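Dear colleague,

Please find the structure below.

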Amino acid sequence: MPLRYPPMLTLINTNRMVPAIAPIGLEYVAEAAVRAGIEVSILDLALCEQPEAALSEHFAGGNPSLIGLSFRNVDDCFWPSAQWFVPGLAQLVQDIRRLSDAPIVVGGVGFSVFAQRIVEYADVEFGVRGDGEGATVGLYRQLQNGRDFEKIPGLIWRHNGQIRSGEPAWPADLSLPVRRNMIDNATYFARGGQCGFETKRGCNRQCLYCADPLSKGSVPRSRKPVEIADEIESLLNRGIDVLHTCDAEFNIPRSHAMAVCEELNRRSLGTRARWYAYLAVTPFDAEMAAAMRKAGCVGINFTGDSASARMLRTYRQPHRSEDLANAVHLCRENGMKVMIDLLLGGPGETPQTAAETIDFIKKIDPDCAGTSMGIRVYPGTGMVDAVKAEGPFETNPGLRRKYTGEVDFFQPTFYISPGLGPEPARLVKDLIDGDQRFFEPTAEQPDAEATDHNYNDNTELADAIAAGARGAYWDILRQLRAG
Ligand code: B12
């Protein structure tokens, strides 16, 4: 084993997906640790040409006291790609074990959905479900002195051969002053075309399929607008001027979204930054659209899901088709690009409801629309109950997966309504009928050409960014199509 460093925390970004997205979660954790007086070293595997060599080199210098792995994506959430990243994480853990005997803790947004299963599968000592800032500092301190793990919010640990866990770490008070100088954000901007900023955590909507409440909690926890604006300024000062929100939905709650815009507008940051956001379709109104545009927002991706009243009820969405029309109208009026993300193929979807949705979207004319097919079924969401209500999982013709054996929602498992027939992607493509505003689903045949908007290993996107494109990925892809 290499020499032991003085007490030190090594944080590793495990996400090597292209285009590269900056590990903002790891950066927030790193900054919290530094502020707590902990020495931190970061190994960013996304920016290494040869990850194995980078690992050996990193640990040759010394052995840390704790190794933290950031695990953002458990899978790519896209059918029929269905790429699963957990085996890769387990392999990485084994590689690290050959170089260091330090305990390993894993955290991250995807990780938090399946926390205990991943701790078991990857065979690590610790996991953190939820926010990592306080938990990482707490764990580090307890390892130095005490080992009273029960005290640490969100921690999963092993005790006498059993896995134990406390409540998830979702602290109500979110004070996160960050300078954003712990990772190489400039390189991420060049390779990923945008950098993220977060205004809140948690979502109180109960959308049938959504895993966000599992990783972030179901109560919105807002950051102080002043801290958010400071953070954006520090990115701007380094030339990073195209940004993307990292909230579940920027407009929930509306009052906080307005407060953030107000602070950005007070500092005239809208003249320097361009940003994109994920929004729920409601609440959204003329006052909000104008405030967002003034604050620098140039594009919105709405969680539209469907325009069929029946499917919107199934998805537990509070909006109606007329709200979708209003959202598109307000974006156009205020000069913001607009994408509507659709989820086709949920429980009860029929060719009629799918046609109703696609026809309606064509009519209201957003800049683009995503037609994802295949809803990732996450344990702990309403989707599991909806699928269960249809009968035994193993014989449910709606479940799509690439693994064999029993249905296990830990592995990428998707649902497409059997009502859409044997070739649902074909059906949707026919409904789209070549309309370039739509990102089409990819057909299920193994050799089918990818036609969707999966950003996993998307070389078209990565090449465009390398050539200078900046912005939300849907906006870059949309512009590439338009030539
Ligand atoms: C914004 C966003 C995007 C933006 C990113 C913009 C940007 N510049 O950052 C875009 C649109 C590009 C995007 C793309 C994708 N995304 Co996305 N995205 C999100 C979203 C909304 C926010 C993620 C985020 O940055 N959160 C803010 C940070 C601060 O939180 P965090 O990462 O969780 O970190 C905290 C903790 O997890 C923990 N933590 C983090 N690291 C560590 C490390 C240690 C050691 C510890 C202890 C703790 C810890 O502490 C941190 C601070 O509290 C999430 C959903 C959500 N609400 O979080 C989905 C989400 C992460 N995305 C998801 C997916 C699938 C993707 C794609 C793969 C989709 C695709 N196929 O194209 C790509 C992957 C891109 C890539 N290269 O990785 C899934 C992952 C689910 C899963 N099954 O794993 C999520 C959860 C959405 C969902 N529910 O389906 N995404």
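Which residues are buried in α9? They are Ile 228, Ala 229, Glu 231, Ile 232 and Leu 235, where buried means that 20 or more other C-beta atoms, placed from the backbone, lie within 10 Å of the residue's own. This is a predicted model: local features need pLDDT of at least 70, side-chain atom pairs count only at pLDDT 80 or more, and totals for chains, interfaces and linings use all residues. Residues are numbered from 1 along each chain as its sequence is written.

Helices (H or I, at least four residues) and strands (E, at least two) are DSSP runs, numbered from the N terminus.

Strand β8 also belongs to an open sheet of seven strands, in the order β8-β11-β12-β13-β14-β15-β19, with parallel pairing; two strands pair if DSSP finds at least two bridges between them. Because β8 and β19 (438-439) stand at the edges, each with a single partner strand, one side of each lacks a neighbour in the sheet. Within the sheet, β12 (residues 274-280) and β13 (residues 297-305) pair over six bridges, and Trp 275 has Cys 297 in β13 as its bridge partner.

Yours sincerely

Technical notes
A residue is buried if 20 or more other C-beta atoms lie within 10 Å of its own, exposed if 12 or fewer, and partly exposed in between; C-beta atoms are placed from the backbone.
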